[in-house]
Amino acid sequence: MIDYQAILNTIYANVTQESDKGEIATYIPELSGVDPNRFGMHLKLISGEEFAVGDSEVGFSIQSISKVLTLAMAMSQVGSTIWERMDVEPSGNPFNHLSLLELEEGIPRNPLINSGAIVIADILVTQLKNPKADFLKYVQDITGDSSISYNLKVAQSEKETGFNNYAAANLLKSFDNLHNSVDDVLDFYFHQCSLEMSCSQIAKAFFMFANKGVCLRDVGRLTKTQAKRINAIMLTCGFYDEAGEFAFEVGLPGKSGVGGGIAASLPHEFSISVWAPGLNPQGNSKLGMLALEQFTTLTKQSIF
Ligand code: GLN
(Lines give C-alpha, C1' and ligand atoms only; values in the text may rest on other atoms or scores of the structure.)
Protein backbone atom coordinates (compact mmCIF):
# COMPACT_ATOMS: atom_id res chain seq x y z
CA MET A 1 0.00 0.00 0.00
CA ILE A 2 1.52 3.32 -1.09
CA ASP A 3 1.52 6.11 1.50
CA TYR A 4 0.51 8.88 -0.91
CA GLN A 5 0.22 11.57 1.74
CA ALA A 6 3.77 10.95 2.99
CA ILE A 7 5.03 11.09 -0.60
CA LEU A 8 3.24 14.39 -1.31
CA ASN A 9 4.65 15.83 1.92
CA THR A 10 8.16 14.77 0.92
CA ILE A 11 7.78 16.32 -2.53
CA TYR A 12 6.48 19.55 -1.00
CA ALA A 13 9.47 19.74 1.34
CA ASN A 14 11.88 19.04 -1.54
CA VAL A 15 10.57 21.36 -4.22
CA THR A 16 9.67 24.36 -2.10
CA GLN A 17 13.35 24.52 -1.06
CA GLU A 18 14.47 25.06 -4.66
CA SER A 19 15.90 28.54 -5.09
CA ASP A 20 15.34 28.70 -8.87
CA LYS A 21 11.57 28.63 -9.22
CA GLY A 22 11.48 29.62 -12.91
CA GLU A 23 9.91 32.72 -14.44
CA ILE A 24 6.30 33.90 -14.20
CA ALA A 25 4.65 34.41 -17.62
CA THR A 26 4.39 38.14 -18.20
CA TYR A 27 3.28 38.24 -21.84
CA ILE A 28 -0.29 38.12 -20.54
CA PRO A 29 -0.05 41.20 -18.25
CA GLU A 30 -2.80 40.03 -15.89
CA LEU A 31 -0.81 36.89 -15.02
CA SER A 32 2.36 38.74 -14.05
CA GLY A 33 1.27 39.52 -10.48
CA VAL A 34 1.02 35.89 -9.28
CA ASP A 35 3.10 34.97 -6.21
CA PRO A 36 6.00 32.76 -7.45
CA ASN A 37 6.12 30.93 -4.10
CA ARG A 38 2.75 29.25 -4.57
CA PHE A 39 2.84 25.46 -4.74
CA GLY A 40 -0.04 23.01 -4.62
CA MET A 41 -0.66 19.41 -5.60
CA HIS A 42 -3.78 17.25 -5.62
CA LEU A 43 -4.14 13.53 -6.32
CA LYS A 44 -7.41 11.74 -7.01
CA LEU A 45 -7.38 7.96 -7.14
CA ILE A 46 -9.86 5.92 -9.17
CA SER A 47 -11.03 4.48 -5.83
CA GLY A 48 -12.21 8.01 -4.93
CA GLU A 49 -9.54 8.71 -2.31
CA GLU A 50 -7.89 12.13 -2.48
CA PHE A 51 -4.59 13.47 -1.17
CA ALA A 52 -3.31 17.04 -1.28
CA VAL A 53 -0.52 19.33 -0.18
CA GLY A 54 0.13 23.08 -0.18
CA ASP A 55 -2.06 25.53 -2.13
CA SER A 56 -4.20 22.79 -3.64
CA GLU A 57 -7.46 24.71 -3.12
CA VAL A 58 -6.26 28.05 -4.50
CA GLY A 59 -7.63 28.97 -7.94
CA PHE A 60 -5.25 29.96 -10.73
CA SER A 61 -5.41 30.56 -14.49
CA ILE A 62 -5.53 27.14 -16.15
CA GLN A 63 -4.57 28.57 -19.57
CA SER A 64 -3.64 25.76 -21.99
CA ILE A 65 -4.86 23.01 -19.68
CA SER A 66 -8.26 24.11 -21.00
CA LYS A 67 -7.26 22.77 -24.44
CA VAL A 68 -7.79 19.21 -23.20
CA LEU A 69 -11.25 20.08 -21.87
CA THR A 70 -12.38 21.77 -25.11
CA LEU A 71 -10.98 18.82 -27.07
CA ALA A 72 -12.97 16.41 -24.90
CA MET A 73 -16.16 18.44 -25.34
CA ALA A 74 -15.64 18.76 -29.11
CA MET A 75 -14.96 15.01 -29.45
CA SER A 76 -18.15 14.21 -27.61
CA GLN A 77 -20.04 16.62 -29.88
CA VAL A 78 -18.69 15.83 -33.34
CA GLY A 79 -16.61 12.65 -32.91
CA SER A 80 -13.78 11.84 -35.28
CA THR A 81 -14.71 14.48 -37.88
CA ILE A 82 -12.33 16.70 -35.87
CA TRP A 83 -9.44 14.95 -37.57
CA GLU A 84 -10.47 16.29 -40.97
CA ARG A 85 -9.36 19.70 -39.68
CA MET A 86 -6.18 18.94 -37.75
CA ASP A 87 -3.49 16.34 -37.25
CA VAL A 88 -2.25 14.41 -34.20
CA GLU A 89 1.50 14.79 -34.59
CA PRO A 90 3.76 16.29 -31.91
CA SER A 91 5.09 19.66 -32.93
CA GLY A 92 8.55 19.86 -31.37
CA ASN A 93 7.96 23.61 -31.35
CA PRO A 94 6.66 26.24 -28.89
CA PHE A 95 2.90 26.51 -28.30
CA ASN A 96 2.46 29.66 -30.37
CA HIS A 97 4.56 28.69 -33.38
CA LEU A 98 2.84 29.86 -36.54
CA SER A 99 4.61 27.56 -38.95
CA LEU A 100 2.64 24.77 -37.31
CA LEU A 101 -0.12 25.65 -39.69
CA GLU A 102 1.16 23.59 -42.55
CA LEU A 103 1.00 26.24 -45.11
CA GLU A 104 -0.54 24.47 -48.05
CA GLU A 105 -3.41 22.99 -46.12
CA GLY A 106 -3.89 25.22 -43.06
CA ILE A 107 -3.96 22.08 -40.91
CA PRO A 108 -2.57 22.50 -37.35
CA ARG A 109 -0.20 19.80 -36.13
CA ASN A 110 -2.37 18.84 -33.15
CA PRO A 111 -5.22 20.14 -30.93
CA LEU A 112 -3.00 21.04 -27.96
CA ILE A 113 -1.01 23.83 -29.60
CA ASN A 114 -2.62 27.23 -30.03
CA SER A 115 -3.56 26.90 -33.72
CA GLY A 116 -5.19 23.50 -33.12
CA ALA A 117 -7.03 24.72 -30.04
CA ILE A 118 -8.33 27.68 -32.05
CA VAL A 119 -9.84 25.23 -34.58
CA ILE A 120 -11.40 23.28 -31.68
CA ALA A 121 -12.79 26.59 -30.36
CA ASP A 122 -14.28 27.20 -33.82
CA ILE A 123 -15.96 23.77 -33.75
CA LEU A 124 -17.50 24.52 -30.34
CA VAL A 125 -18.63 28.00 -31.41
CA THR A 126 -20.47 26.31 -34.31
CA GLN A 127 -21.91 23.49 -32.18
CA LEU A 128 -22.99 25.25 -29.00
CA LYS A 129 -25.99 27.50 -28.58
CA ASN A 130 -24.28 29.72 -25.98
CA PRO A 131 -20.63 28.71 -26.45
CA LYS A 132 -19.00 30.37 -23.41
CA ALA A 133 -21.85 29.54 -21.00
CA ASP A 134 -22.24 25.98 -22.32
CA PHE A 135 -18.52 25.21 -22.07
CA LEU A 136 -18.36 26.62 -18.53
CA LYS A 137 -21.35 24.43 -17.59
CA TYR A 138 -19.58 21.39 -19.08
CA VAL A 139 -16.47 22.03 -16.97
CA GLN A 140 -18.60 22.57 -13.86
CA ASP A 141 -20.51 19.35 -14.58
CA ILE A 142 -17.51 17.06 -15.14
CA THR A 143 -15.86 18.52 -12.03
CA GLY A 144 -19.02 18.50 -9.91
CA ASP A 145 -18.35 22.09 -8.86
CA SER A 146 -20.55 25.00 -9.92
CA SER A 147 -18.23 27.60 -8.38
CA ILE A 148 -15.75 27.41 -11.30
CA SER A 149 -15.74 30.57 -13.42
CA TYR A 150 -13.89 32.58 -16.04
CA ASN A 151 -11.54 35.33 -14.92
CA LEU A 152 -12.77 38.16 -17.11
CA LYS A 153 -9.74 40.35 -16.40
CA VAL A 154 -7.42 37.62 -17.68
CA ALA A 155 -9.59 37.10 -20.78
CA GLN A 156 -9.54 40.85 -21.50
CA SER A 157 -5.80 41.09 -20.86
CA GLU A 158 -5.20 38.33 -23.37
CA LYS A 159 -7.52 39.86 -25.92
CA GLU A 160 -5.49 43.09 -25.75
CA THR A 161 -2.11 41.39 -26.18
CA GLY A 162 -2.91 38.21 -28.13
CA PHE A 163 -1.44 39.34 -31.45
CA ASN A 164 0.07 35.94 -32.11
CA ASN A 165 -3.29 34.23 -31.63
CA TYR A 166 -4.94 36.77 -33.95
CA ALA A 167 -2.27 35.96 -36.53
CA ALA A 168 -2.89 32.21 -36.15
CA ALA A 169 -6.67 32.64 -36.40
CA ASN A 170 -6.36 34.85 -39.48
CA LEU A 171 -4.06 32.34 -41.13
CA LEU A 172 -6.52 29.54 -40.39
CA LYS A 173 -9.33 31.69 -41.79
CA SER A 174 -7.36 32.30 -44.99
CA PHE A 175 -7.16 28.52 -45.44
CA ASP A 176 -10.88 28.16 -44.77
CA ASN A 177 -10.18 26.19 -41.60
CA LEU A 178 -12.11 28.65 -39.43
CA HIS A 179 -15.85 28.75 -40.08
CA ASN A 180 -16.85 31.52 -37.67
CA SER A 181 -15.46 35.05 -37.39
CA VAL A 182 -11.94 35.46 -36.00
CA ASP A 183 -13.33 37.69 -33.23
CA ASP A 184 -16.00 35.22 -32.12
CA VAL A 185 -13.59 32.28 -32.07
CA LEU A 186 -10.85 34.16 -30.20
CA ASP A 187 -13.33 35.56 -27.70
CA PHE A 188 -14.23 31.96 -26.85
CA TYR A 189 -10.56 30.86 -26.84
CA PHE A 190 -9.45 33.69 -24.52
CA HIS A 191 -12.27 32.84 -22.13
CA GLN A 192 -11.47 29.11 -22.04
CA CYS A 193 -7.82 29.98 -21.22
CA SER A 194 -8.97 32.35 -18.46
CA LEU A 195 -10.82 29.64 -16.54
CA GLU A 196 -9.78 29.76 -12.92
CA MET A 197 -9.48 26.41 -11.16
CA SER A 198 -7.57 24.93 -8.24
CA CYS A 199 -5.43 21.77 -8.35
CA SER A 200 -8.26 20.01 -6.55
CA GLN A 201 -10.79 21.03 -9.22
CA ILE A 202 -8.45 20.18 -12.09
CA ALA A 203 -7.72 16.70 -10.70
CA LYS A 204 -11.50 16.13 -10.55
CA ALA A 205 -12.02 17.40 -14.11
CA PHE A 206 -9.23 15.11 -15.40
CA PHE A 207 -10.62 12.10 -13.53
CA MET A 208 -12.52 11.01 -16.66
CA PHE A 209 -9.29 10.59 -18.63
CA ALA A 210 -8.06 8.14 -15.99
CA ASN A 211 -11.49 6.52 -15.72
CA LYS A 212 -12.20 5.37 -19.32
CA GLY A 213 -14.21 8.50 -20.14
CA VAL A 214 -16.58 8.31 -17.17
CA CYS A 215 -16.58 11.51 -15.10
CA LEU A 216 -16.77 11.90 -11.32
CA ARG A 217 -20.55 11.89 -11.37
CA ASP A 218 -20.47 8.47 -13.00
CA VAL A 219 -21.73 9.88 -16.28
CA GLY A 220 -20.08 8.69 -19.51
CA ARG A 221 -18.66 11.79 -21.12
CA LEU A 222 -16.37 10.12 -23.64
CA THR A 223 -16.19 6.66 -25.12
CA LYS A 224 -13.33 4.46 -23.91
CA THR A 225 -11.68 4.96 -27.28
CA GLN A 226 -11.97 8.74 -27.06
CA ALA A 227 -10.44 8.72 -23.56
CA LYS A 228 -7.59 6.55 -24.86
CA ARG A 229 -6.99 8.91 -27.77
CA ILE A 230 -6.96 12.02 -25.55
CA ASN A 231 -4.39 10.38 -23.26
CA ALA A 232 -2.28 9.53 -26.31
CA ILE A 233 -2.45 13.13 -27.56
CA MET A 234 -1.54 14.47 -24.10
CA LEU A 235 1.47 12.17 -23.92
CA THR A 236 2.79 13.11 -27.36
CA CYS A 237 1.70 16.76 -27.60
CA GLY A 238 0.91 18.07 -24.10
CA PHE A 239 4.20 19.87 -23.45
CA TYR A 240 5.05 21.44 -26.82
CA ASP A 241 8.78 21.15 -27.49
CA GLU A 242 9.24 19.43 -24.14
CA ALA A 243 6.82 16.50 -24.63
CA GLY A 244 9.76 14.10 -24.96
CA GLU A 245 11.34 15.41 -21.76
CA PHE A 246 8.07 15.06 -19.83
CA ALA A 247 7.60 11.46 -21.04
CA PHE A 248 11.24 10.75 -20.19
CA GLU A 249 11.20 12.29 -16.71
CA VAL A 250 7.58 11.80 -15.62
CA GLY A 251 5.98 9.21 -17.89
CA LEU A 252 2.34 10.29 -17.70
CA PRO A 253 -0.07 11.78 -20.25
CA GLY A 254 -0.44 15.40 -19.21
CA LYS A 255 -0.96 19.02 -20.16
CA SER A 256 0.66 22.23 -18.99
CA GLY A 257 -0.47 25.85 -19.02
CA VAL A 258 1.45 29.12 -18.78
CA GLY A 259 -0.34 29.84 -15.49
CA GLY A 260 2.03 27.21 -14.03
CA GLY A 261 -0.45 24.37 -13.77
CA ILE A 262 0.00 20.81 -14.98
CA ALA A 263 -2.70 18.14 -15.14
CA ALA A 264 -1.88 14.49 -15.71
CA SER A 265 -3.47 11.06 -15.57
CA LEU A 266 -2.44 7.47 -15.15
CA PRO A 267 -5.21 5.52 -16.92
CA HIS A 268 -7.10 3.20 -14.54
CA GLU A 269 -5.21 4.58 -11.50
CA PHE A 270 -5.39 8.33 -10.84
CA SER A 271 -5.55 11.93 -12.00
CA ILE A 272 -3.20 14.51 -10.54
CA SER A 273 -2.65 18.24 -10.76
CA VAL A 274 0.19 20.46 -9.63
CA TRP A 275 0.63 24.23 -9.58
CA ALA A 276 3.85 26.22 -9.30
CA PRO A 277 3.68 29.51 -11.27
CA GLY A 278 7.35 29.80 -12.31
CA LEU A 279 8.00 28.44 -15.82
CA ASN A 280 11.06 26.94 -17.50
CA PRO A 281 12.22 28.32 -20.88
CA GLN A 282 9.80 25.99 -22.72
CA GLY A 283 6.84 27.58 -20.89
CA ASN A 284 6.10 24.61 -18.60
CA SER A 285 5.98 24.81 -14.79
CA LYS A 286 9.54 24.27 -13.55
CA LEU A 287 8.72 22.96 -10.08
CA GLY A 288 5.56 21.29 -11.34
CA MET A 289 7.62 19.05 -13.63
CA LEU A 290 10.09 18.36 -10.85
CA ALA A 291 7.27 17.47 -8.46
CA LEU A 292 5.67 15.05 -10.91
CA GLU A 293 9.03 13.47 -11.68
CA GLN A 294 9.48 12.81 -7.97
CA PHE A 295 5.89 11.56 -7.68
CA THR A 296 6.25 8.89 -10.39
CA THR A 297 9.69 7.92 -9.08
CA LEU A 298 8.64 7.63 -5.42
CA THR A 299 5.35 5.83 -6.17
CA LYS A 300 6.85 3.78 -9.02
CA GLN A 301 3.68 4.54 -10.94
CA SER A 302 3.85 5.69 -14.56
CA ILE A 303 2.61 4.34 -17.88
CA PHE A 304 6.01 2.77 -18.53
N1 GLN B 1 -3.67 31.64 -23.44
C2 GLN B 1 -2.31 31.30 -23.74
C3 GLN B 1 -1.98 31.68 -25.16
O4 GLN B 1 -2.77 31.43 -26.03
C5 GLN B 1 -2.13 29.84 -23.50
C6 GLN B 1 -0.70 29.39 -23.66
C7 GLN B 1 -0.30 28.29 -22.74
O8 GLN B 1 -0.83 28.09 -21.65
N9 GLN B 1 0.73 27.59 -23.14
O10 GLN B 1 -0.97 32.25 -25.44
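In which helix is V154 found? V154 is found in helix 5, which comprises residues 152–161; helices (H or I, at least four residues) and strands (E, at least two) are DSSP runs, numbered from the N terminus. The model described here is predicted; local features need a pLDDT of at least 70, side-chain atom pairs count only at pLDDT 80 or more, and totals for chains, interfaces and linings use all residues. Residues are numbered from 1 along each chain as its sequence is written.

The protein chain has an average pLDDT of 95, and 98% of the residues score at least 70; pLDDT is the predictor's confidence in each residue, from 0 to 100. For the complex, the predictor gives an ipTM of 0.94 and a pTM of 0.97.

The protein chain contains 12 helices and 8 strands. Its radius of gyration is 18 Å, close to the 19 Å that the globule rule gives for 304 residues, so the chain is as compact as a globular protein of that length. The radius is taken over C-alpha atoms, and the rule is 2.2 Å times the number of residues to the power 0.38. Along the principal axes, the C-alpha atoms fill a box of roughly 55 × 40 × 35 Å. Of the 304 residues in the chain, 54% are buried. A residue is buried if 20 or more other C-beta atoms lie within 10 Å of its own, exposed if 12 or fewer, and partly exposed in between, with C-beta atoms placed from the backbone. Two residues are in contact if their C-beta atoms, placed from the backbone, lie within 7 Å. Among contacts between residues at least 6 apart in sequence, 68% join residues at least 24 apart.

The residues around the ligand are Q63, S64, F95, N96, N114, E158, N165, C193, G257, V258 and G283; a residue is assigned to this shell if its C-beta atom, placed from the backbone, lies within 6 Å of the molecule. The shell divides into 3 nonpolar, 7 polar and 1 charged residues. In this division Ala, Val, Leu, Ile, Met, Phe, Trp, Tyr, Cys and Pro count as nonpolar, Asp, Glu, Lys and Arg as charged, and the others, Gly among them, as polar. In the unreviewed UniProt entry, the annotation "binding site" covers S64, N114, E158, N165, Y189, Y240 and V258. UniProt positions are given in the numbering used here, feature names are shortened, and annotations may be inferred rather than shown by experiment.

N114 lies in helix 3 (residues 114–127) and is buried, with 25 other C-beta atoms within 10 Å. Apart from neighbours within four places in sequence, N114 is in contact with F95, N96, N165 and A168. V258 is placed in the loop between strand 6 (254–256) and strand 7 (261–266). V258 is also buried, with 24 other C-beta atoms within 10 Å, and its contacts beyond four places in sequence are A25, Q63, S64, L279 and G283.

Y240 is located in the loop between helix 10 and helix 11 (243–249) and is buried, with 25 other C-beta atoms within 10 Å. Although not a glycine, Y240 has a positive phi of about 55 degrees. Most residues other than glycine have a negative phi. D218, also not a glycine, has a positive phi near 70 degrees. D218 is found in the loop between helix 9 (207–210) and helix 10 (224–237), and counts as exposed because 7 C-beta neighbours lie inside 10 Å.

V154 is buried, with 22 other C-beta atoms within 10 Å. Not counting residues up to four places away in sequence, V154 touches I28, E30, L31, S61 and S194. The C-alpha atoms of V154 and I230, 76 residues apart along the chain, are separated by 27 Å.

Q192, in helix 7 (residues 182–194), is buried, with 27 other C-beta atoms within 10 Å. Beyond four places in sequence, Q192 touches S66, T70, A121 and F135.

G59 lies in the loop between strand 2 (50–54) and strand 3 (60–61) and is buried, with 20 other C-beta atoms within 10 Å. Leaving aside neighbours within four places in sequence, G59 is in contact with E196, M197 and S198. G59 and S200 are 141 residues apart in sequence, and their C-alpha atoms are 9.1 Å apart in space.
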